[in-house]
Amino acid sequence: MSSTQLRPIPVIRVYVGVLLILYCFEDAETHPKWPRVCIKDGCLRGTWLKDSVESPYPAFLGIPFAKPPIGNLRFKNPQPADSWEGVYNATTDKDACIQKISVLPGAPMFGVEDCLYLNVFTPPNSYSPASRPLPVMVYIHGGAFFFGSARPAELSPARIMTTRKVVVVTLQYRLGVFGFFSTGDRSASGNYGLKDQVMALRWVQSNIRAFGGDPKRVTIFGQSAGGACTQFHMLSPLSCGLFHRAISMSGSALAKWSAPILDPLAVARTHGRILKIQNAESMPTIELVEKFRGIDAVILTNSIDLLKVWDIHPISPYRPVVESQDEPDAFLTEAPKTAWSRGKYASVPWMTGSIPTDASFLTQTIYRNESLIADLNPRFIQILKLLLQTDISFKEIKSLRKRYLTTTPPDKWITTTNYAEVTTMLSEADFIYPMVKGVKQYLQNQNHAPTSVYSFQFNGRYSYSQVYTRTNTSYGLTHPDELIYLFRIPVFFPEFPPGSPEAEMCQIWVKFLVDFATKSNVAKEATCAGMNCNVVTFTNSNNTYFPVRKILVPGLDEDMYEFWKALFAE
């Protein structure tokens, strides 16, 4: 079996009970000295985890960075966590934020509202007084603003910790209705999930030195919605000075799927009507918010399904919003595309990139089911407008067919054989075009910082398509497969065999990202010069002795960029 073929993995349901830390040492006799640090809130006792070469490193899990956002604090800005007496037990992680993963078969729901915790992972001895502070990498998980977590079973930084060059922080933030409910006024300003991230970044600035980290060298990075969040932080006045470098992976603040909701109050009132709140469409917003605060979290989470138009779409009924400039602690006060186009962002070294098939998680939810294919064909234009968040003229429909659906019969949009064509179309529209647009506008700013672009195209033995479809059918590279080579993800995937092409790609990919966070200058050959970029591309190789490649591909895809720029009238 070649390294690019999918191999069977266990079918695992994403329930809290299976999210276990697999690499923890609990034997006090073998490791008598537990990691311990003290911060302004009190002292913490950590645990030991294993890196990629089975060496132990300290980990401090489940540290509160904000008060539990429950009761009267639901739909309010995060409040700093209280101090504690004694030694805080940071040896086990905390539950994920409450969520229902509608992109997975069976739509598992789990988590709790009391979820604002973060994890800190440090190289051995990095927090001793004699050690020099290390750069910090703060990871923001993805999940379309409604699912995901920072639990080590899903995001183990073992590969990164093997480098011993950085302190890693992973954080959780409120999701879905809990993180992004808004009435468009001060009753519920919205963006709570993003403000949770700001609170965590402030915690890092105040406390990371105790863990051996340098608060003046913080890189924020995230994938998918986490990549969009990273770019949002570059735009937000609340995040100013809280980080010094940024990496947006397969996610953009300029994408249609991450664009702020134009009428959040309409969404809130519609949701209220679905929940059978009497007079939800006319009551004062402050009363509406109180009604939502009184609804059980499980009922509120399940009710999101009733906001869907077709199947699981729109995937994210709740997203960021633009807040009033008069709103205290507003996160976004201007549409991201407007602010970015005029250079109103933090000018820090920025890396961004994608995979060619990032929209695969959308298309796989359709192509795994022939009945959905049949149902979608007669309403494809309607759903496409929903996915692209734009109107499409008859002329533009013809241009889409001509560019992407070259083998599809003229009376069809979706067939059992055109998965690759439709995936390419949506991937370019939703991921690659907004990424290229963001890079071009960033480079137009005379004061821009060094900028790098990558394309991850390596196809290995495991894929998230096995999770999305619950089959071992090969769908090729899938969003977010690049994470498999950055993090260990034991809840879904076994570890790669030593010496395998996948293990080698892990080393190359981790080094690429860690080098960006730790070196004073980005490698010249991987930095955009003027308006020209060399795209650092990670691929498979047919060479038996060198089965993976990292190469430079000159130039961004200008033809693709001009096509979507014209279609979106931007």
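Is Ser354 buried or exposed, and what is its relative accessible area? Ser354 is buried, with a relative accessible area of 6%, where buried stands for under 20% relative accessible area, exposed for over 50% and partly exposed for the range in between, computed with a 1.4 Å probe on protein chains only.

## Basis of the model

The model is a predicted one, in which local features need pLDDT of at least 70 and side-chain atom pairs count only at pLDDT 80 or more, while totals for chains, interfaces and linings use all residues. Residues are numbered from 1 along each chain as its sequence is written, and side-chain values use heavy atoms, with hydrogens and water left out.

The domain assignment of the protein chain gives domain 1 (12-67 + 90-348) and domain 2 (351-569), with bounds that come from an automatic or database domain assignment. The C-alpha centres of the two domains lie 23 Å apart, and the contact, meaning heavy atoms within 4.5 Å, takes 61 residues from domain 1 and 68 residues from domain 2. The area buried between domain 1 and domain 2 is about 5,300 Å², of which carbon and sulfur atoms give 61%; buried area here is the accessible area (1.4 Å probe) that two parts lose on being put together, summed over both. Arg159, Lys256 and Trp310 supply 16% of the area that domain 1 buries against domain 2, more than any other three residues.

Across this interface the rule finds two salt bridges, a salt bridge being a side-chain nitrogen of Lys or Arg within 4 Å of a carboxyl oxygen of Asp or Glu. The rule also finds 21 residue pairs in polar contact across the interface of domain 1 and domain 2, both residues at pLDDT 80 or more. A polar contact is a pair of N or O atoms within 3.5 Å, of which, within protein, one must be able to donate a hydrogen and the other to accept it, and residues adjacent in sequence count only if both atoms are side-chain atoms. On the side of domain 1 that touches domain 2, at least two residues each come from β9 (134-140), α1 (158-161), β11 (213-223), β12 (245-249) and α8 (336-341), and the largest share, five residues, comes from β12. Helices (H or I, at least four residues) and strands (E, at least two) are DSSP runs, numbered from the N terminus.

## Salt bridges

The structure holds 26 salt bridges. Arg159 forms one with Glu495, the closest N and O atoms being 2.9 Å apart, and Glu54 forms another with Arg488, with the closest N and O atoms 3.9 Å apart. Glu54 lies in the loop between β3 (47-50) and β4 (56-64) and Arg488 in the loop between α14 and α15, so this pair ties together parts that are 434 residues apart in sequence. Glu54 is partly exposed, with a relative accessible area of 43%, whereas Arg488 is buried, with a relative accessible area of 4%. Lys50, Glu54, Arg159, Arg488 and Glu495 are linked in a network of salt bridges.

Lys100 forms a salt bridge with Asp305, the closest N and O atoms being 2.6 Å apart; this pair links distant parts of the chain, with Lys100 in strand β6 (residues 99-100) and Asp305 in the loop between α7 (297-302) and α8, 205 residues apart. Lys100 counts as buried at 17% relative accessibility, and Asp305 is partly exposed, with a relative accessible area of 33%. The side chains of Glu570 and Lys256 also meet in a salt bridge (3.5 Å, N to O). Glu570 lies in the segment after α16 (558-567) and Lys256 in the loop between β12 and α5 (264-274), so the pair ties together parts that are 314 residues apart in sequence.

What covers the buried residues of α9 includes α10 (370-376), α13 (419-444) and α14 (465-469).

Ser354 lies in strand β13 (residues 350-354) and, leaving aside neighbours within four places in sequence, is in contact with Ser250, Ile432, Met435, Tyr454, Ser455 and Phe456. Arg293, found in helix α6 (residues 285-293), is buried, with a relative accessible area of 14%.
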